[in-house]
Amino acid sequence: MNYRHAYHAGNFADLVKHGLLLWLLGRMARDERRMLVVDTHAGSGLYDLGEDAVRSKEAQAGIARLMGAARLPTELAELKAAVAARNGGGETVRWYPGSPLLIADSLRKGDRYLACELRPEEHDLLAERLKGREGVETRQADGYEVVRAVAAGIVGGWC
């Protein structure tokens, strides 16, 4: 599949996916056990809505509307706050954080995150954006193969 995260960043589906992701991570963080998050299609992690996403106008119908909304479901409040934090605290959105930044920002000490991205140029950006974060690793690899290896215990230190 030829899917480019940048063209669709901040669209309605992202809002649902990222809102649910943050809600789920928050629920899981209530447990004392450490968590491992494996992202099979991480993308580059941060998207400039002034560039590629402007072509599709999906962000205007998605995150731009959410940021301007006076009332919204509580499940989207954390996403709105995360997006505002990446954009100086206001409602204007230029930068949209993808799953990698949202996940990495949600990790507790001892949690682990393995972000996989197959496209070399996307992976290079991802690795740079997540560099130096404790418990975070990126791989330029097929995410499905990595999940299988982690689940089978082939990739040491992850289970």
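A nonpolar core is taken here as a set of buried Ala, Val, Leu, Ile, Met, Phe, Trp, Tyr and Cys residues joined through side-chain atoms within 4.5 Å. I note at the outset that the model is predicted.

**Entry 1: cores.** I looked up the largest nonpolar core and found that it has 16 residues. Leu49, Ile63, Leu79, Val83 and Tyr96 have the most contacts inside it. I then listed the elements that give two or more residues to this core: helix H2 (12–29), helix H5 (63–68) and helix H6 (77–86). Another core, of 15 residues, lies apart from it and includes Leu25, Val37, Leu126 and Val136.

**Entry 2: helix H2.** I checked the length of H2: at 1.5 Å a residue, its 18 residues should span 26 Å, and the end C-alpha atoms are 26 Å apart, which agrees. I recorded Asp14, Leu15, His18, Gly19, Leu21, Leu22 and Leu25 as buried in this helix. Viewed down the axis of H2, the buried residues fall within an arc of 160°, so they line one face of the helix. On the face turned away from that buried side I found the exposed residues Phe12 and Leu20. At the start of H2, I noted a side-chain oxygen of Asn11 within 3.1 Å of the backbone nitrogen of Ala13.

**Entry 3: strands E4 and E5.** I examined the pairing of strand E4 (residues 112–116) with E5 and found it parallel, over four bridges. Leu114 stands opposite Glu137 in E5. I traced E4, helix H8 (residues 120–130) and E5 as a right-handed β-α-β unit.

Definitions and conventions:
Residues numbered from 1 in each chain as written. Predicted model: local features only at pLDDT ≥ 70, side-chain atom pairs only at ≥ 80, totals over all residues. Heavy atoms only, no water. Buried < 20%, exposed > 50% of the residue type's maximum accessible area, 1.4 Å probe, protein only. Pairing = 2+ DSSP bridges. Right-handed = clockwise from strand over helix to strand, strands pointing away. Expected span 1.5 Å × (residues − 1). Arc of directions from axis to C-beta. Polar contact = N/O pair within 3.5 Å; in protein donor to acceptor, adjacent residues only side chain to side chain.
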